[in-house]
Amino acid sequence: MKALLKLIHFEVRRFRWFLFGLMALTALVQIAATVIFALDERTARLSLYGQDLKPMRDPMSVYHLMTRHQEIYALPVMICIVSLLIYAFVIWYRDWLGRGTFIYRLLMLPQPRAYLYLAKLAAMLLFIFSLLSLQLALLLVIEGIFSAIMPAEFRLEARFADLVAGNELIAFLLPISPKVFLQYYGMGIVLLLAAFTASLLERSRRPAGIVLALAYAAAMLVIPFGVILAGATGLYESLGLYIHEIIWIAVGVWLAGGAIAAWLGIRALNKNVSV
Amino acid sequence: MIEILNLRKRFFRKQVLDGVSFAVEPGLITCLAGLNGAGKSTILKAIMGLVPVDGGSIRIDGRETALHLTGNRGQLNRYRAHKVAFIPDRPAMPPSMKMRDALRFMADFYGDVWNGEKARDMMAFFELGEDERLGNLSKGTAAKFNLVLGLALETPYVLMDEPFSGIDLFSREAIADVFSTGWLEGRGVLITTHEIREVEHLIDRVVLLKDGVVAKTFDSEEMRLAENKSIVDVMREVYRP
């Protein structure tokens, strides 16, 4: 267990500067956008109404500000998502490729190889949830900055839920409902496991492994998403299934997909990968 | 003893190993020789579980460790790491890592197998500092540091893959000196090298690979005494008949 924690720590350290970079970029863009847009709005109102600051004249909240400038607030979040998607593959390939042969060392460590898989998975989850936490904190900071810039006469208070809803992408990433949150992140973890497994399958049967990995990735996309999309085709209604039965089928398929991905990945790591 | 029995490995259409058998005994330095592509490095990697083989057996002190027969379940990685140290042809560490961090990494993960004192002695022997990044090291310095990482592991067996590859004369001499020190005392060593002359006088046994099989195995000292032939002479006979 101690070795697993050390491996997780090691993986996090290797990505830390990039992670800090993503965090800094997100913070910088969103804070700068809030300052610039809030100042613009204030200037516009002050020039329009002069010193005639009557209460609640054309008021706005930070929610409105974020809604009006969706793309600016979403841009760094999108960059973070794409970076993490790429890193889900790079986290394995960086050990194989390049001048070093670090994968030799990792595979030879006196710990079960499954620890490598778990450490990389845990590191990825830590990155994802660190960025999410930062985004949550940033929403509060943005709200504070907006309140500081915008005179109270022009300002509406926003609830935290409104802040989250202010940007469609952020609202998607931070669903208020715990059930939806579990659903999204459960699916995300299964897809992450599938990405790991596809990488390890490719590393196991070179050069034909690329075909195997692509076939596996296709199956992992078609089957679990097919179960969800089948609902739209009316298949379940024609089979006479109730909604809770459909949900359980989907949950079962996704859980099975995750379990198979983890099993296949760890098996490849134990028996088939080659340096 | 490391026993390699009937090892088979195919890469695409080429049968690289086609029933290779030999043993590495404790206290002896065994040289695995062959032309380029003969499968020498593959055998070393297979012993460490870094390359799966298609058939055959790899027993380390009596315990089966071949991936296709055992996988890496349970404590096998631990067992192997306690028995065998592998020194590949390049340091198996990220190039961005400093030597100090690499030593700390080894101490952290290898625990009781890692001998920090020996590592410090070897760093001093090779006159290596600890602050440089591995990616910035010259080939010679990287080879020396690589040796430190491998030999400071207290294992009964050591595998060395081309320790002299692409390095200058003085670094080669410094590395060859390691064989004369006590750091390899009592350990079973399996070495692959094209620079046979550097270590010829230190090698106890030679295994010559040709066409996927062991073409000849001999005791180098006996060969010298009985037939007055060096290892290179025998290699010429085998590879240039």
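**Close-up views of a predicted model**

**View 1. The open sheet of chain B.** In this predicted model, four strands of chain B form an open sheet in the order β2-β1-β4-β5, and their pairing is antiparallel. Because β2 (14–24) and β5 (63–64) of chain B stand at the edges, each with a single partner strand, one side of each has no neighbour in the sheet. Strand β1 (residues 2–11) of chain B pairs with β2(B) in the antiparallel sense over 8 bridges, and I4(B) is found opposite F22(B) in β2(B).

**View 2. The helix across the sheet of chain B.** Helix α1 (residues 40–47) of chain B lies across β1, β2 and β4 (55–60) of chain B, and runs at about 120 degrees to β1(B).

**View 3. The bent helix α1 of chain A.** Helix α1 (residues 2–49) of chain A bends by about 55 degrees at R16(A). Buried residues of α1(A) include L7(A), E11(A), F15(A), L19(A) and L22(A), as well as T26(A) and Q30(A). The buried residues of this helix, α1(A), pack against α2 (62–68), α3 (70–96) and α5 (114–149) of chain A.

**View 4. The contact between the domains of chain A.** The domain assignment divides chain A into domain 1 (1–174) and domain 2 (176–275), whose C-alpha centres lie 27 Å apart. Their contact takes 18 residues from domain 1 of chain A and 12 residues from domain 2 of chain A. On the domain 1 side of chain A, the elements giving two or more residues are α3, α4 (102–108), α5 and α6 (160–165), with α5(A) giving the most, 6 residues. By class, that side of domain 1 of chain A has 15 nonpolar, 1 polar and 2 charged residues.

Notes:
Residues are numbered from 1 along each chain as its sequence is written. Chains are lettered from A and ligands numbered from 1 in the order in which they are written. This is a predicted model: local features need pLDDT of at least 70, side-chain atom pairs count only at pLDDT 80 or more; totals for chains, interfaces and linings use all residues. The bend at a residue is the angle between axes fitted to the seven residues ending there and the seven starting there. A residue is buried if 20 or more other C-beta atoms lie within 10 Å of its own, exposed if 12 or fewer, and partly exposed in between; C-beta atoms are placed from the backbone. Two residues are in contact if their C-beta atoms, placed from the backbone, lie within 7 Å. Domain bounds come from an automatic or database domain assignment. Ala, Val, Leu, Ile, Met, Phe, Trp, Tyr, Cys and Pro count as nonpolar, Asp, Glu, Lys and Arg as charged, and the others, Gly among them, as polar. Two strands pair if DSSP finds at least two bridges between them. Axes are lines fitted to C-alpha atoms, for helices over the stretch in contact, and angles run from 0 to 180 degrees between N-to-C directions.
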